[in-house]
Amino acid sequence: MGKYLEMIRIRFLMMLAYRTNYYSGILIYSINIGAYYFLWQAIYGGKQDIEGLSVLQMTTYIAVAWMARAFYFNNIDREIAQEIKEGKVAVELIRPYSYLGMKTMQGLGEGIFRLLFFSIPGMVIVSLIFRLHVAFDPSVWSWFGISIVLSFIINTQINLLTGMTTFFLFNNDGLIRAKRVVIDLFSGLLLPISFFPMWAQTVMKYLPFQGISYVPSMIFTEGFKGNEMIQAILLQLAWTVILLIPIGVLWKLAKKQMIIQGG
Amino acid sequence: MFYLKMFFQYVAQYIKVRLQYRTDLLVEFLSDLLFQGVNLVFILIVFGHTKLLSGWSQYEIIFIYGFFLVPFAIFSSFFNIWDFNDRYIVKGEMDRILTRPIHSLFQIILERIELESLLGVVTGIAVMLYSGGKLGIGLHWYDPFLFILFAIGGALVYGGIFIIMAAIGFWSDAKTSIMPMMYNIGNYGRYPVNIYNTVIRFVLTWILPFAFVGVYPASYFLGKEEWYGYAFMTPVIGILFITLSVFLWNKGVKRYRGAGN
């Protein structure tokens, strides 16, 4: 356990070393959310609400979704792909830790850094400039906290899976890019799932993506309450367990593949 | 002349390499199409809930998006330098570049060329033709020429901004995580700038002039006369930004001391 905590710490410190990174990060996140804020104001026009979300809830939804993304988002799929291509992964495998576990911890270190240095200051700035619907109910915050940890896990699991495909596809830049685009749309980062046409909503119900962005953002904006909220979190939990299966299988196959490549 | 010859040699080499790995190429085409599709889906869903966006109709917004895809495709093919810092400064590749008798920026652009992104030109024109047809836009004989001029202008704006971002790497230790976020900001130039407040509109017009890649030039073809002044400034802003970026780049290269020692 100690060594994994150490990995979180190292990655955190590595991120901290690049100072210009976080000033510009906060600034760019704020511009980003600002632009979306006005876009959604324009989309609502004079309307009171769309699909049960008021304009205030909607702008909050976007702000929270982008801030949460700072926490769950990481590039470990790209890193894994790089390490496989450079052959570094062979060395990693003989080290006394789980490679995938280590990657997850590095992602977590990065997430904690972004949460503390982008999300929280960004959220403060954004809420000073724009009107947002921020709940002061501690129970909403704690459910949101649980939910966002689960979104980190689901997103990381999907990243691990995409990264591991490099073992079989050799060059998967296109796949990684496609995955990112699909997640932005299907996770509800760009649009709440409830805005999609019914048939699309039905399809998305069977995919893990809405556990990444839609669920935590809806909890924060109180679009999900009570039973609906508990169900959404249980769904997230279910996906974190289900996704372990393809990861396990792919990893087993990948190790076999390694022996052939390594010669 | 020498530069032109180099350019074609690199392109020929590039095509040979890409055709070696055809499935790769296919996957990249598909992921590009997917990316373009997702943005279209966003517009379609939004207009499923509203009729007008600050006075702009669905097909007008789609038309702007179609236009945007063209300069963006040119940019992605020739200015693929978003990981310049990691790839060239941190890993010391810049040393290799500087020993050769061609301008360093030109070499890096050639090395990182990604011609398959030009597919976006085709998609963009298709989207414009489709939405233009729905809007009943007529064409003058000079419109195609203006279109090419505006598209190149827009690509230069994009290129200029990203070269400036890359050149900053010579001065600061910034890692490249600003770059992906810059791609996000680039997207806001696609929406009518009159929906934003004055600060954001100012930023998108004069500081990070992404509005010149989408809404401004496209409004010319949409016949929005109040934006014509901005539309015709597109090539000017493009040349201005690319000149500024090359100037900054040259200054940065003088400062560069190499990695490692």
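**A tour of salt bridges and helices**

A search of the whole structure finds 20 salt bridges over all chains, a salt bridge being a side-chain nitrogen of Lys or Arg within 4 Å of a carboxyl oxygen of Asp or Glu. This is a predicted model, in which local features need pLDDT of at least 70 and side-chain atom pairs count only at pLDDT 80 or more, while totals for chains, interfaces and linings use all residues. Residues are numbered from 1 along each chain as its sequence is written, chains are lettered from A and ligands numbered from 1 in the order in which they are written, and side-chain values use heavy atoms, without hydrogens and water.

Select A:R177 and B:D32, whose closest N and O atoms in their salt bridge are 3.2 Å apart. The pair crosses between chains, from helix α9 of chain A to helix α2 (residues 22-47) of chain B; helices are DSSP runs (H or I, at least four residues) numbered from the N terminus. B:D32 is buried, at 10% relative accessible area, whereas A:R177 is partly exposed, at 30% (buried is under 20%, exposed over 50%, partly exposed in between, with a 1.4 Å probe and protein chains only).

Next, select helix α10 (residues 198-205) of chain A. Here A:A200, A:Q201 and A:M204 are buried. Seen down the axis of α10(A), the buried residues fall within an arc of 100° and so line one face of the helix; the arc is that of the directions from the helix axis to the C-beta atoms. On the other side of α10(A), A:M198, A:W199 and A:K205 are exposed.

How values were computed:
Helix = DSSP H or I, 4+ residues; strand = E, 2+ residues; numbered from the N terminus.
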